[in-house]
Amino acid sequence: MPRRPDTSPQTLTVFRAFLGGAWRYGYDLSRETGIPSGTLYPILIRLSGRGLLEARWEEAENGKRRRSYRLTGEGVAYADARLAEQRPSTSTAVAARA
Amino acid sequence: MKAVARILLRGALVLLPRDRREWADAILAELEETRGGLESLRWALGGIKVILLSPHGLARLAALGVVVGVVGGTLGNHEVFMRVRDAGYGSWQPAIAFALPSALAGLLAALLVLRRHRLAVHAALAFLAVVCVSSAISLANVSPVKPFLEDWQAATASSDPRAAHHADELRWNAAIGALGAALVLLLTARRQARRD
C-alpha cells in the first residue's frame with residue numbers, strides 16, 4: 001500500500017522542528033534533526049511549493065545573507081494533523097511491545 | 001576543505017538557470033555556517049544532489065550530456081571515417097550523411113533545452129524520432145551502415161583481427177547510446193517544461 005504523503009520519518013522530524021513557530025535556518029534545522037542537506041532541502045522545497053512553508057532572506061549578524069523558513073498557518077495545521085496521525089500508531093506499537 | 005566544498009557547489013550552481021537558483025543559493029549561504037572541513041563537504045555534496053535532481057538541473061545535465069556525446073562521438077569516431085576514406089573507399093560520405101541528422105537534431109534539441117525554449121520538448125521529441133530511425137537502420141545493418149562497416153573492416157583487417165566484432169560493437173553502442181540520450185533528454189525536458 002502506498003504511504004500517505006509527508007509521513008516519512010524525515011518529514012515528520014522536520015514538522016516537529018518547526019512546531020515552535022520560529023523562523024529557522026537550513027543549517028540549524030539540519031543540525032537539530034540530523035537530516036543531511038541533500039534530504040532536508042527537497043523536503044523544504046516540496047513544502048514550500050505547496051504553500052505550507054514560507055521563506056525569507058535575512059541579514060545575519062556577520063553581514064551575510066541567510067534564508068530562513070517557517071510553516072505557514074496552513075502548514076502548521078497540516079503538520080499538526082500529520083503528527084497526530086502518527087501518535088496512535090506509535091502508542092499502539094509501544095503497547096504491543098509491552 | 002570548505003573552499004573546495006564552495007567551488008564544487010558553485011560549479012553545480014551553474015547548471016541551474018539564474019531564476020531558479022534561489023534554493024541552491026540558500027544552500028550555498030548555509031555552507032558558510034558549517035563547522036569543519038568534512039561537514040562542509042557533506043553539506044556541499046547534499047546541495048549538489050539537490051541541484052542535480054531538480055527538474056532544471058537534470059534537464060541541463062542531460063542537454064550537456066548530449067552535447068558532450070555528439071562532440072565526443074564525432075571526435076572519437078572521426079578516425080573511423082578517415083581510415084575508410086584514406087583506404088580509397090567512398091562509403092564514408094553516405095555514412096557521414098547518415099550520422100549528420102542525428103547529431104544536428106541532438107545539438108539543436110540540447111541548445112533549446114538549455115535555453116528553456118518553448119519548442120524544447122518538441123525538439124527533443126524530434127531528436128528521439130530521428131535517433132529511432134537511424135538506430136533501426138544501424139541495428140538492421142543495412143545501407144549506408146553495412147557497406148561503410150564492411151569497408152572499414154577491409155581497411156583494418158591487417159591491423160585488427162577482430163574488426164568484424166568491433167564493427168558490431170560500434171553499431172550497437174552508437175544505437176543504444178543515442179536512444180538512451182534522446183529518451184533521457186525528452187523526459188527531463190518535459191519535466192523542466194512542466195515547472196516553467
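A crossing of two helices is called left-handed if the near helix is turned anticlockwise from the far one by less than a right angle, and right-handed if clockwise. In this predicted model, local features need pLDDT of at least 70 and side-chain atom pairs count only at pLDDT 80 or more, while totals for chains, interfaces and linings use all residues. Residues are numbered from 1 along each chain as its sequence is written, with chains lettered from A and ligands numbered from 1 in the order in which they are written.

By that definition, H6(B) passes H8(B) in a left-handed crossing. Helices here are DSSP runs (H or I, at least four residues), numbered from the N terminus. Helix H6 (residues 120-140) and helix H8 (residues 163-195) of chain B pack at an angle of about 165°, their axes 9 Å apart; axes are lines fitted to C-alpha atoms over the stretch in contact, and angles run from 0 to 180 degrees between N-to-C directions. H6(B) is therefore roughly antiparallel to H8(B) (angles over 145 degrees).

Residues are in contact if their C-beta atoms, placed from the backbone, lie within 7 Å. B:Phe127 touches B:Ala105, B:Gly106, B:Ala109, B:Ala182 and B:Leu185, leaving aside residues up to four places away in sequence.

Turning to the chain pair, 15 residues of chain B are in contact with 13 residues of chain A. Helix H2 (22-31) and helix H3 (37-53) of chain B each supply at least two residues of the side that touches chain A, and the largest share, 7 residues, comes from H3(B).

Technical notes
Angles under 35 degrees count as roughly parallel, over 145 as roughly antiparallel, 65 to 115 as roughly perpendicular and the rest as oblique. Two residues are in contact if their C-beta atoms, placed from the backbone, lie within 7 Å.
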